[in-house]
Amino acid sequence: DTTRQSPENGATFVVVANRLPVDRIVDENGAVDWKTAPGGLVTALEPVMRQRGGAWVGWHGAPDEEVESFEHDGYTIEPVPLTAEEVEEYYEGFSNATLWPLYHDSVAYPEYHREWFDAYKRVNRRFAEKAAQVAGEGATVWVQDYQLQLVPSMLRELRPDLNIGFFLHIPFPPMELFDQLPWRREILEGLLGADLVGFQVPGGASNFLRLVRRRTDHRVDRDRAKLIGENQHTCIARAYPISIDTQGFSDLANSPEAIAEAEQLLSDLGNPSTVFVGIDRLDYTKGLRQRIRAMGELFAEGTLDPHDAVFLQVATPSRERVEEYRRLRDDIDLLVGRINSEVGGVGRPAIVYLHASFPRATMAAMYRIADVMIVTPLRDGMNLVAKEYVACHPGPDGALVLSEFAGAARELRQAYMVNPYDLNGMKEAVMKAATDTPQNKRRRMRALKKQVSENNIDKWAERFLNDLDAKGETAPEEGED
Ligand code: G6P
């Protein structure tokens, strides 16, 4: 269908992301259906897509397969294919074994391979070409995350008429780390193709602007870079802390199903008096080794009684073909097994560890029963689990233990803050959260709940897209850094 894809009547709003917002469901007769994938970004952008008449460009998640574009829930899905080799070099390699560790404080060793970057460039070009093909004249194109940092400049070259936004969901590192990257200048120039680059925290925006000043020839003035060369434009860099569908989560957690599931969970756990919960993708940035060690010591020393308290840790399988993730999985299995074999006795273990993914309603039930929610990443762009807990936990009696190295720490200031590298400090904060006075807990939870209900995902999308439409005519918010 070439008419729909011509610039004259193409989409006025295009999201470009590594992954599509749909999951493929194949029934027993082999019939294929696509279901909206769970997730914050999809929930946030779907209403905008419907309203603006949108298209979503992304990879459907399987190698070596071409999928035709199709309509879904009032917008167009535009699949971009990847070969098995590209999955290995662009996705598992450059995105998740180079950029991911580098951008997260190098908490794992980033690997640099020239073939991986070549594949990254090739795949980024494919995404840019697809976006250029489906976007209408003067459309707004919003590119998402670290897998696609070259797309803004590639797209601007193909379609200078477009309004191009980019949002980085993960941290943007300081110059001292970013400088390691052999392709640092290409990445900066790639991002600079956007009219607006959004970061989770003001520090990301200032790291980026400092690098542009030092490593490119463009002029930087306050929150913007003035590009030199033929395609002169201005690239603005600002912080837009992402959030969740707060009302949606709270409704889900208060549904009869979630309440029943929470009761079942509690009784399955033997109705302990204190439930500590951690829920993370199984990723080395999440601080799982340190957290489990700290909890293990609390049980081993007798500060926590395994008959009375339980630590429920969910780790969602992730990027399982990447070496560092395999190593992590083995380490955690070993650590949990060792602790559980040494504390408690027969019966329910002290640490209930689940390596599995669960439906959203079950997660909501887990948030409900968590007396203390433990979110202790070594580095995290935002961390939405922290916000989901605040939205889902009923009443004002919960407690959130939060790493100062999560983007969310800037907003969720009433959490019990920890440095996840400081095991004693972490143990103290966990115990303080568990044993604090009801008045203190309530005061903190109320403030947290106010924060996430006032700053939801709609606000986030609206703030970014308004600034992008205005091309920076609106002033940056005061006192952000
Ligand atoms: C992080 C990234 C996302 C990514 C998600 C899941 O939140 O910021 O871009 O989609 O992890 O990882 P995966 O590699 O499975 O897409």
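**Helix packing and an open sheet in a predicted model**

The buried residues of helix α7 (buried: under 20% relative accessible area, 1.4 Å probe, protein chains only) are covered by elements including α5 (175-178), α6 (184-191), β9 (196-199), β10 (219-221), β11 (224-226) and β12 (234-239). Helices (H or I, at least four residues) and strands (E, at least two) are DSSP runs, numbered from the N terminus. The model is predicted: local features need pLDDT of at least 70, side-chain atom pairs count only at pLDDT 80 or more, and totals for chains, interfaces and linings use all residues. Residues are numbered from 1 along each chain as its sequence is written, and side-chain values use heavy atoms, with hydrogens and water left out.

The buried residues of α7 are Pro202, Gly204, Ala205, Phe208, Leu209, Leu211 and Val212.

An open sheet holds six strands in the order β15-β14-β13-β16-β17-β18, with parallel pairing (at least two DSSP bridges between two strands). Its edge strands, β15 (351-355) and β18 (416-418), each pair on one side only. Strands β13 (residues 274-281) and β16 (residues 372-375) pair in the parallel sense over two bridges. Here Val277 stands opposite Met373 in β16. Helix α10 packs on the sheet and touches β13, β14 (309-316), β15 and β16 (contact: heavy atoms within 4.5 Å). The direction of α10 makes about 165° with that of β14. Axes are lines fitted to C-alpha atoms, for helices over the stretch in contact, and angles run from 0 to 180 degrees between N-to-C directions. Helix α13 (residues 384-392) also packs on the sheet, touching β13, β16 and β17 (399-403). Its direction makes about 170° with that of β17.

Technical notes
Buried < 20%, exposed > 50% of the residue type's maximum accessible area, 1.4 Å probe, protein only.
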